[in-house]
Amino acid sequence: MKWSISTVDPSKTAILRGKLGCSELMARLLINRGLANPEHAYKFLHPSLSDLHDPGLMCGLPRAVERILEAIERHEKILIYGDYDVDGMTAVVILRRAIEILGGEVRYHIPRRLVDGYGMKEDVIERAAAEGFRLVISVDTGIRSFEVVRAASALGLDTIITDHHLPEEDEAGQTEIPQALAVLNPKRSDCGYPNENLCGCGVAFKVVQALLQKTNRLPLLPSFLKIVAIGTVADVVPLVGENRVIVKYGLERLAQPANVGLKALLEISGLKDKKILSSDIGFRIAPRINAVGRMGGANEVVELFSTDDEAVTRSLAEKMNQMNSERQQIEQHILQSIDEQLARDPSLSEDLCIVLAGEGWHRGVIGIAASKILEKYYRPTLILACEDGVAQGSGRSIKAFHLLRGLDHVQDLFTRYGGHSHAVGFALPVERITALRQRLNAYARTVLTPEDLVPSLEIDAEVRLSDLDEQLYAELVSLEPYGEGNTIPTFVARDLRMVYEPRILKEKHLKLRVEQDGVSLDALGWGMGSRLNGSAGRGHDISMAFQLNQNTFQAVTSLQLTIKDLE
């Protein structure tokens, strides 16, 4: 792994220190995050709900809000068409709740991943029309549903699309969108909304904000932030600007949940009465919500947040927890099958784009498997689950390769596809898998260089252990919430003397104690138990890339290093 240590202009550091009264190291961290302007840095450190943008700036939103309020006033039935991931389900929860508060008659549809597949379907729209619905609102889906929107219009239904996925573009690079009543997507080329990195739940939140604003109920808006924060963190969008405001305030409110279902979810996730961090959403809360869609469920999450019956919410939370455990077991089975496949044909892992397929692999788990293989080999990865002659695929990519554009170059192979720069979903006949592997790799050879395939660890600063103290840690806390676009600060320290022999915890984790300048600290490397392999021991000097944390043991809190890499 390559260590890429940032460089900072000392004059800019001095200006920030003078304006903010922070340490030199903190000033450097802010500059590394593009916050050399003192005013911008102050705003970043002190986000306010007043920093939320005017929802009316989003193209199509005023017309959408007008139509929703018309439907409520006319007592028309409204259908919210969601998606089966965390982003899509949390979007359904907040928009449904807002419309209900305003007196609307609203129902929702969340497709079952293993039965319905991804995206809007015409048969759902046909049933909605037959049942007397007059308005369909999509959340986290629909930006490429041209035929479905046409079918809805022919049946007399108005459609509002709210989505954040990349729209289709014509040869001139102009956005092509479905002919819906309104299409809300900050990634539209003709949309000047200031935050194009909203997640699907975030776009739905802007509709909620506008609805509450229009009906003089804006004081209710903060109560929605807990759920929006979950959707925002889970969808791995940049936690800067408006997204940072949403997550910062949402996390604060998660510590004191009023919703009975949310309480049950936090308890089953081991977070009852604890301060909630963005990492807790990413590693504890989101996986349990995502497991519902991955394992074939649909409505459990929305119902969890919609009922006041404690027995029901407890049962639903336990079911979600069990689904997550089953997901973990299936994931391990797929990864083992992949290892066996690569052992039989090592050349598959040497392709610029790794494309692997397996009969009977669980379609709901292949996205996680793709992420694991990408982490291991650092190459764009597509994992396909084959059944009855059809391959359902999920892909993840590295920083240097825009995966959706890659699929655009071979789009004739797919029966459907879509996604983002670094995550995609698709389907194609099994007999086209070989062509997909060959043609995608041919395209990758025109885009990627050997340097692109070397993982890089971004280092904020080189430090001495004597630079690390509780005051610095307090400054680091002010940078939270961490996530995409605002990663946990990573440091490098060299010439660290190992105080004791390395310890291996639970047969896989590495624990060291290192010393420099008379300061000694514990260091923990998760999953790094085999890293040193006897090459270094007590008295040896090492270089370490790490993050600074606190650890509390027997009521004593001390600083601790989390190892990211060793040299």
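One cut-off before I start: a residue is called buried when its relative accessible area is under 20%. And keep in mind that this is a predicted model.

So, F414. It comes out at 10% relative accessibility, so F414 counts as buried. Y417 has 19%, and therefore counts as buried too.

Those two bring me to the aromatics. There are five aromatic pairs in the structure. In one of them, the ring centres of F414 and Y417 are 5.3 Å apart with the planes at 40°, so we call that pair tilted. F426 joins in as well: ring pairs tie F414, Y417 and F426 together as a cluster. Y417 also has a charge over its ring, with the charged end of R144 sitting 5.8 Å from the ring centre. Elsewhere, R244 lies over the face of F44, and there the distance to the ring centre is 3.7 Å.

Now the sheet. It's an open one, with five strands ordered β9-β10-β11-β13-β12 and mixed pairing. At the edges you have β9, 354-359, and β12, 416-419, each pairing on one side only. From one strand to the next, the twist averages 15°.

Let me go across it. β9 pairs with β10, residues 381-387, in the parallel sense, over six bridges. As an example, E359 has C386 in β10 as its bridge partner. Then β11, residues 390-396, runs antiparallel to β13, and seven bridges join them. There, V390 stands opposite P429 of β13.

R416, for one, has A427 in β13 as its bridge partner. How enclosed is β13, residues 423-429? Five of its seven residues are buried, so β13 is largely enclosed by the rest of the structure.

Last stop, helix α5, residues 86-101. Of the 16 residues in α5, 13 are buried, which means that the helix is largely enclosed by the rest of the structure. And α5 is followed by G103, which has a positive phi, near 90°.

That's what I have, so over to you.

Note on methods:
Residues numbered from 1 in each chain as written. Predicted model: local features only at pLDDT ≥ 70, side-chain atom pairs only at ≥ 80, totals over all residues. Heavy atoms only, no water. Phe/Tyr/Trp six-rings, centres within 6.5 Å; stacked < 30°, edge-to-face > 60°. Buried < 20%, exposed > 50% of the residue type's maximum accessible area, 1.4 Å probe, protein only. Lys NZ or Arg CZ within 6 Å of the ring centre and 35° of its normal. Helix = DSSP H or I, 4+ residues; strand = E, 2+ residues; numbered from the N terminus. Pairing = 2+ DSSP bridges. Axes fitted to C-alpha atoms, helices over the stretch in contact; angles between N-to-C directions.
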